[in-house]
Amino acid sequence: MLYRENPSLHEDDLSVTPDGRAALEQWLTLQIEQAFSDRAGLETLWNAMLRSYDAPKSDNLVASPIEGFGGIEIPVGASACDDIYAAFLDTVFATDPIVTARHLPKNPGADDNPQRDMAHALQRFIDWGVRNEWNVRAAADNTLLDDVILGTGAYYTVWFEEVRKHRVETVTWRGARIFSVAPEDVILPAGSYDDAELAPWVGVRYNPDTLTVARNVRLYLWTQAPAVAAQCFRYASRA
């Protein structure tokens with residue numbers, strides 16, 4: 001979602017009234033319910049595509065021409081999808097590096113060694129992050145398969161923390177990480193463009209356990225809102 005930051009406005013300057021919170025929760029609930037209702041036809045299509053890929057035995061098939069011999073379905077769709085999926089992965093990850101950083105000199109012929117060195121340093125950081133930190137390949141394995149089978153795949157890049165709980169909580173890792181999100185858990189308003197950044201809002205459905213919600217209430221000042229709206233209230237709940 002595109003937005004412009006206001007440098008003169010600080011988060012502590014914001015105040016949330018009970019009426020404002022109730023209005024926000026009502027608006028979110030209406031938008032989310034409408035989004036799920038509008039995509040009912042798309043979910044039906046997704047289910048049909050999954051059945052075509054899995055090729056389950058159909059009860060409508062008759063045992064003919066040999067009596068007592070059950071019919072089977074040949075997973076032609078799965079074979080075609082697997083071929084496209086393998087080619088998709090090879091196309092993306094056969095190129096090394098998959099993301100290239102380079103400098104663009106403003107004045108051709110001038111000494112641009114500092115800019116070139118900065119581009120090389122950024123390239124080393126990208127290569128290291130792709131291999132070790134950002135979960136790029138594991139997320140792509142699932143997202144690209146969803147894209148081939150269903151026609152829709154979703155990446156979710158988030159600032160992530162790994163916390164080990166003992167007598168005290170210890171953060172063992174913190175940083176950006178990419179996750180593959182199931183298409184049915186991505187919520188967009190009807191009529192959204194291909195670029196999610198142009199949508200009025202974007203939501204991700206997830207079901208945290210009660211311990212996770214309690215921890216987020218304590219650390220991030222979440223409200224005890226329903227799970228579907230908990231992430232949306234993370235910043236709105238600050239007094």
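Two ground rules first. Residues are numbered from 1 along each chain as its sequence is written, and side-chain values use heavy atoms, with hydrogens and water left out. Because the model is predicted, local features need pLDDT of at least 70 and side-chain atom pairs count only at pLDDT 80 or more, while totals for chains, interfaces and linings use all residues.

**Stop 1: salt bridges**

The structure holds three salt bridges. The criterion is a side-chain nitrogen of Lys or Arg within 4 Å of a carboxyl oxygen of Asp or Glu. Side chains of opposite charge can pair when their charged atoms come close.

Select Arg39 and Glu43. Their side chains form a salt bridge, 2.9 Å from N to O. Arg39 is buried at 11% relative accessible area, whereas Glu43 is partly exposed at 27%. Buried means under 20% relative accessible area, exposed over 50%, and partly exposed in between (1.4 Å probe, protein chains only).

Go next to Asp185 and Arg205. This salt bridge spans 3.0 Å, N to O. The pair links distant parts of the chain, 20 residues apart. Asp185 sits in the loop between β2 (169-181) and β3 (186-187), and Arg205 in the loop between β4 (203-204) and α6 (210-220). Helices (H or I, at least four residues) and strands (E, at least two) are DSSP runs, numbered from the N terminus. Asp185 is partly exposed at 22%; Arg205 is partly exposed at 29%.

**Stop 2: Arg137**

Select Arg137 and Asp141. The closest N and O atoms of this salt bridge are 3.0 Å apart. Both residues belong to helix α5 (residues 136-150), four residues apart, about one turn of the helix. Arg137 is partly exposed at 41%, and Asp141 is partly exposed at 26%.

The charged end of Arg137 sits over the Phe93 ring, 4.6 Å from its centre. The test here is NZ of Lys or CZ of Arg within 6 Å of the ring centre and within 35 degrees of the ring normal.

**Stop 3: aromatic rings**

The structure holds three aromatic pairs. Show Phe125 and Trp134: ring centres 5.4 Å apart, planes at 70°, so the pair is edge-to-face. Rings of Phe, Tyr and Trp (its six-membered ring) pair if their centres lie within 6.5 Å; planes under 30 degrees apart count as stacked, over 60 as edge-to-face and the rest as tilted. Phe125 is partly exposed at 44%.

**Stop 4: α2 against α5**

Colour helix α2 (residues 40-54) and α5. Their axes come within 9 Å and cross at roughly 100°. Axes are lines fitted to C-alpha atoms, for helices over the stretch in contact, and angles run from 0 to 180 degrees between N-to-C directions. That makes α2 roughly perpendicular to α5, a label for angles of 65 to 115 degrees; under 35 is roughly parallel, over 145 roughly antiparallel and the rest oblique. Trp46, Met49, Leu50 and Tyr53 of α2 make the contact with Leu145, Ile149 and Leu150 of α5. Contact means heavy atoms within 4.5 Å.

Stay on α5 and pick Thr143. Thr143 is buried at 7% relative accessibility. Leaving out residues up to four places away in sequence, Thr143 touches Gly153, Ala154, Tyr155 and Ser180.

**Stop 5: Pro56**

Finish in the loop between α2 and α3 (76-93), where Pro56 lies. Pro56 is partly exposed at 40%. Not counting residues up to four places away in sequence, Pro56 touches Arg51 and Glu73.
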